[in-house]
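Please view the sequence and the structure together, and keep both at hand while reading.

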Amino acid sequence: MEMLVGLVAGIIFGTILTLAGVIRYEKQVAAVLFKDMTIIKFMFSAAIVGAIGINLLNQLGLISLHLKPLALGAIVFGGILFGLGWALTGYCPGTAVAAIAEGRIHAIFAVIGMIIGSALFINLYPYVKPLIDLGNFGKLTIYQVANTSPFLIILLLTIAAGVLFYVFEKNRL
Amino acid sequence: MKETRLNPYIGGVLVGLLAIAVVYLTTMLIGDTKFFGTSTTFAKIAAAIQKTITPNISNEYFNKLNLKVDWQMMFVLGIFIGALITSLLNRSFKLELVPPIFMDKFGSNFTLRAILALLGGIFVGFGARLADGCPSGHGLSGMMQLSLGSLIAVIVFFSSAILFANIIYRR
């Protein structure tokens, strides 16, 4: 059952990603060059809608959260490396897989690279570990730190996204 | 005929609804809440390949990776299948060796594109493991849970990509 839900969810996700055009190299690079904000519109809309439903379900005690720890050292250094690679290759892991399916042959090299990069991490883990322990504050949500309701945070994020979307549309990005 | 396109806001809303459905259904059906993610699958593939080459590999991280086929692997396989069927149906499928923007800056040399895609992929793979997630795990699932670490990760991913893309593609 677990496998079936995963497969079906993946097929629907892949379908939406492809229809929205967000799996393209040129969309991802154009977003960070501030020329076409399609992927930002997509990502923020998804995050806000998902946040409303998931926090409702969580407040009702129907689901459990799977938070990743706030490990500042790992997030900052890993994030910088990720950003450099993302700019070069033009794909993140999910979109690279979808791009191959859309016939983008060069995305195969992106995926091979991601596997090599993962292998390097696994083998270098003992040396990288101190970085992961650096500034590790454990699992934290924004609303815990701000000591407020998750729905106030969602409201603020929605307003921020709304302002961004307005600027994007006004400038035809 | 022009390919069918979906407005990105509507696409995003649909993905948000899909995530809610997945979180609820997995909790009800299998008793474990599942969130979107993709990059751990790359690490599992790497570990599986390595295990066939150096069978006695063992360290704290390797041992934590469960090499059995799991939810996320099926999810990633689904992304491939969904993208393949959709791109064939909506005519966006195209065999492409060098993408636009890259071509404008570096020309149509496939070898150069392959090398840079591979090199970038290595940074992405390593960085995603170190940051413990990618734009699906942090950007979608983490943000939906209002995780502070994920919010910071997304800010760093984009800031770094903006900086490097403007260096790489500046004309």
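Where is the place of A:Phe137? A:Phe137 sits in the loop between helix H6 (107-133) and helix H7 (142-145) of chain A; helices (H or I, at least four residues) and strands (E, at least two) are DSSP runs, numbered from the N terminus.

## Model and conventions

This is a predicted model, in which local features need pLDDT of at least 70 and side-chain atom pairs count only at pLDDT 80 or more, while totals for chains, interfaces and linings use all residues. Residues are numbered from 1 along each chain as its sequence is written, and chains are lettered from A and ligands numbered from 1 in the order in which they are written.

The pLDDT is the predictor's confidence in each residue, from 0 to 100. Chain B has an average pLDDT of 93, and 97% of its residues score at least 70. The model as a whole scores ipTM 0.95 and pTM 0.95. Where pLDDT is low, the predicted coordinates should not be read in detail.

## The two chains

Chain A contains 8 helices and 0 strands, and its C-alpha trace spans about 45 × 45 × 40 Å along its principal axes. Buried residues account for 56% of its 173 residues; a residue is buried if 20 or more other C-beta atoms lie within 10 Å of its own, exposed if 12 or fewer, and partly exposed in between, with C-beta atoms placed from the backbone. Two residues are in contact if their C-beta atoms, placed from the backbone, lie within 7 Å. Among contacts in chain A between residues at least 6 apart in sequence, 59% join residues at least 24 apart.

Chain B likewise has 8 helices and 0 strands. Its C-alpha trace spans about 50 × 45 × 35 Å along the principal axes, and 53% of its 171 residues count as buried. For contacts in chain B between residues at least 6 apart in sequence, 46% link residues at least 24 apart.

## The interface and the core

Between the chains, 113 residues of chain B are in contact with 106 residues of chain A. On the side of chain B that touches chain A, H1(B) gives the most, with 20 residues. By class, that side has 73 nonpolar, 33 polar and 7 charged residues; Ala, Val, Leu, Ile, Met, Phe, Trp, Tyr, Cys and Pro count as nonpolar, Asp, Glu, Lys and Arg as charged, and the others, Gly among them, as polar. In helix H2 of chain B, B:Gln50 counts as partly exposed because it has 17 C-beta neighbours inside 10 Å. Leaving aside neighbours within four places in sequence, B:Gln50 is in contact with A:Ala119 and B:Ile57.

A nonpolar core is a set of buried Ala, Val, Leu, Ile, Met, Phe, Trp, Tyr and Cys residues joined through C-beta atoms within 7 Å. The largest such core has 113 residues, of which A:Ala47, A:Ala96 and B:Ala19 touch the most other members. Beyond its neighbours within four places in sequence, B:Ala19 is in contact with A:Gly50, B:Phe36, B:Leu140 and B:Met144.

## Helices and their ends

The expected span of a helix is 1.5 Å times one less than its number of residues. Helix H4 (residues 72-89) of chain A has 18 residues and should therefore span 26 Å, which agrees with the 25 Å between its end C-alpha atoms. H4(A) is mostly covered, with 16 of its 18 residues buried, and is followed by A:Gly90, whose phi is positive, near 80°. In chain B, the 19 residues of H4(B) should span 27 Å, and the end C-alpha atoms are 27 Å apart, in agreement. After H4(B) comes B:Arg91, with a positive phi near 65°.

## Residues outside the helices

A:Arg172, in the segment after H8 of chain A, has a positive phi of about 50° although it is not a glycine. A:Arg172 is exposed because it has 7 other C-beta atoms within 10 Å. B:Leu146 lies in the loop between H7 and H8 of chain B, and its phi, near 60°, is a positive value in a residue other than glycine. With 26 C-beta neighbours inside 10 Å, B:Leu146 counts as buried.

Is A:Phe137 buried or exposed? A:Phe137 is exposed, because 12 other C-beta atoms lie within 10 Å. The C-alpha atoms of A:Phe137 and A:Gly79, which are 58 residues apart along the chain, are separated by 17 Å.
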